[in-house]
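Let me put one structure up on the screen.

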Amino acid sequence: MSMTALINHLYAAWQRGPVSEVRLGSQRAVLVTGPEEVRRVLVQDAAYYTKQAHRARSLLGDGLIVATGDAWKRQRRTLQPHFTAPAVRRYERHISDAAQRLARRWDALADTGEPTDIGEDMRFFALDTIWRLLTGTPLDAHTHRELAAIDTVVAALPTMGSTPRDGSGSMDGSGGSGGPDIGGGGEQAAALARIDAVASRAVAAAREAAPAAKTGILHSLVDLPDQLLRDELVTLIVAGHETTATTLSWLHLLLHRHPRWREWALREGAAGYQALIGEALRLYPSVWLVPRHAAVATELGGQAIEAGTRVLVCPYLTQRDPAWWPAPTSFDPRRFAAKPRPGTYHPFGVGPRACLGQHFSLREMQVLLETLLPHHVPRFTGPQPAPAFAVTLRPEGPLTATLHRP
């Protein structure tokens with residue numbers, strides 16, 4: 001099914017209620033958009049609605065996002081202390097240094113009038129930040145070029161996950177990764193090899209580092225087995241930059257279309273920046289579709305859910321529901337003066353598998369806005385880009401702009 005057909009099917013199903021059947025080719029699926037039902041799937045009954053043959057296993061291996069059961073619990077316990085709100089405060093220098101690096105580039109571009117791709121700039125900033133956090137060192141040009149292979153692999157991943165291939169009937173994909181399972185042949189295999197080479201070099205450097213140089217999260221994980229260490233490193237790189245970069249790209253586009261909100265945020269300070277981020281995440285959640293499978297027969301929103309049914313939670317639609325968000329397609333950061341109703345806003349997920357790096361991502365975005373917004377105004381050329389609905393929700397690029405001082 002084409003992505004256009006999928007979006008049209010989901011929109012039509014959404015109009016029928018908070019839990020509605022949708023046909024995906026020959027398969028029956030259930031779309032879940034109501035707040036109470038979302039919380040049932042992701043929080044209260046999360047054990048009944050599981051991941052299956054994770055769509056990113058070929059890239060992330062058995063890293064935290066893919067892991068299930070006891071392995072997931074162990075990995076979450078290992079990584080969680082590095083991403084609590086107090087822990088994130090320890091990373092301020094890394095975040096600030098990466099933001100200042102981009103600010104210097106934008107200063108130079110404003111002086112020359114040379115255009116830039118804002119999407120690429122946001123991806124570089126986010127990747128530089130997570131690389132500093134993991135390794136204790138700035139992102140170098142060679143590593144940046146090699147990690148561009150992530151986009152090649154992500155573009156080949158299925159939007160809604162897949163079914164098990166080993167005939168085991170496992171509902172959580174716990175039968176092992178079995179190697180790459182994405183299409184595209186040599187191009188994707190070559191991209192994975194480039195990513196693996198970056199990971200191998202980073203792991204080797206972390207294991208050989210002198211005690212005084214062990215300042216990154218990777219250094220605290222070197223006792224993990226080689227393959228799991230690689231998988232966790234790649235997982236943190238991918239998850240640690242994609243949502244941030246995409247949200248910042250959308251936010252710059254939104255501020256271009258609605259410039260009064262830039263001035264408003266500058267007056268409001270930290271609360272204003274946080275509201276800008278919250279509203280961008282509401283309109284364009286990077287993870288716009290969360291696939292699950294019903295591990296057992298159950299009931300949801302008055303409908304019977306058969307075991308094996310594909311269940312699709314869609315933050316994009318829930319967060320644009322006029323029942324919960326007046327004028328839902330309008331960009332209005334003032335909405336976030338009050339806390340959203342539970343279940344109506346979940347760009348980072350909710351429940352036991354909510355995004356580990358939520359505090360880090362939000363702080364990272366706020367620091368960049370505090371650094372750039374007072375001094376730089378991107379002016380985009382060309383029409384407003386359309387949303388590209390794939391594994392993530394990106395604006396179709398390039399996002400060409402020139403930089404101006406207020």
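Which exposed residues does the face of helix 4 turned away from its buried side carry? They are D70 and R77. Before the rest, the ground rules. This is a predicted model, in which local features need pLDDT of at least 70, side-chain atom pairs count only at pLDDT 80 or more, and totals for chains, interfaces and linings use all residues. Residues are numbered from 1 along each chain as its sequence is written, and side-chain values use heavy atoms, with hydrogens and water left out.

Back to helix 4, residues 69–79. Helices here are DSSP runs of H or I, at least four residues long, numbered from the N terminus. Buried means under 20% relative accessible area and exposed means over 50%, with partly exposed in between, using a 1.4 Å probe and protein chains only. The buried residues of helix 4 are W72, Q75, R76 and L79. Seen down the helix axis, they fall within an arc of 100°, so they line one face; the arc is that of the directions from the axis to the C-beta atoms. An α-helix has 3.6 residues a turn, so residues three or four places apart point the same way. The buried residues of helix 4 pack against helix 11 (226–257).

E146 sits in helix 8, residues 141–147. E146 is buried, with a relative accessible area of 18%. Leaving aside neighbours within four places in sequence, E146 is in contact (heavy atoms within 4.5 Å) with R194, V198 and R201.

Now the space. On a 1 Å grid over the protein atoms alone, a cavity is a set of points where a 1.4 Å probe fits but cannot get out; a pocket is an open set with protein on both sides within 12 Å along at least five of seven lines; lining residues have an atom within 4 Å of a point. Volume is the space filled by probe spheres set on the points, which are joined across faces, edges and corners.

The largest pocket holds about 690 Å³. It has 28 lining residues, and G278, F336, P340, Y345 and L362 are the closest to its centre. Helix 13 gives the most to this lining, seven residues.

The whole structure has two cavities of 30 Å³ or more. The second largest cavity has about 40 Å³ of space. Its lining is I7, L10, Y11, W288, C314, Y316, L317 and F389. Helix 1 gives the most to that lining, with three residues.

Technical notes
Helices (H or I, at least four residues) and strands (E, at least two) are DSSP runs, numbered from the N terminus.
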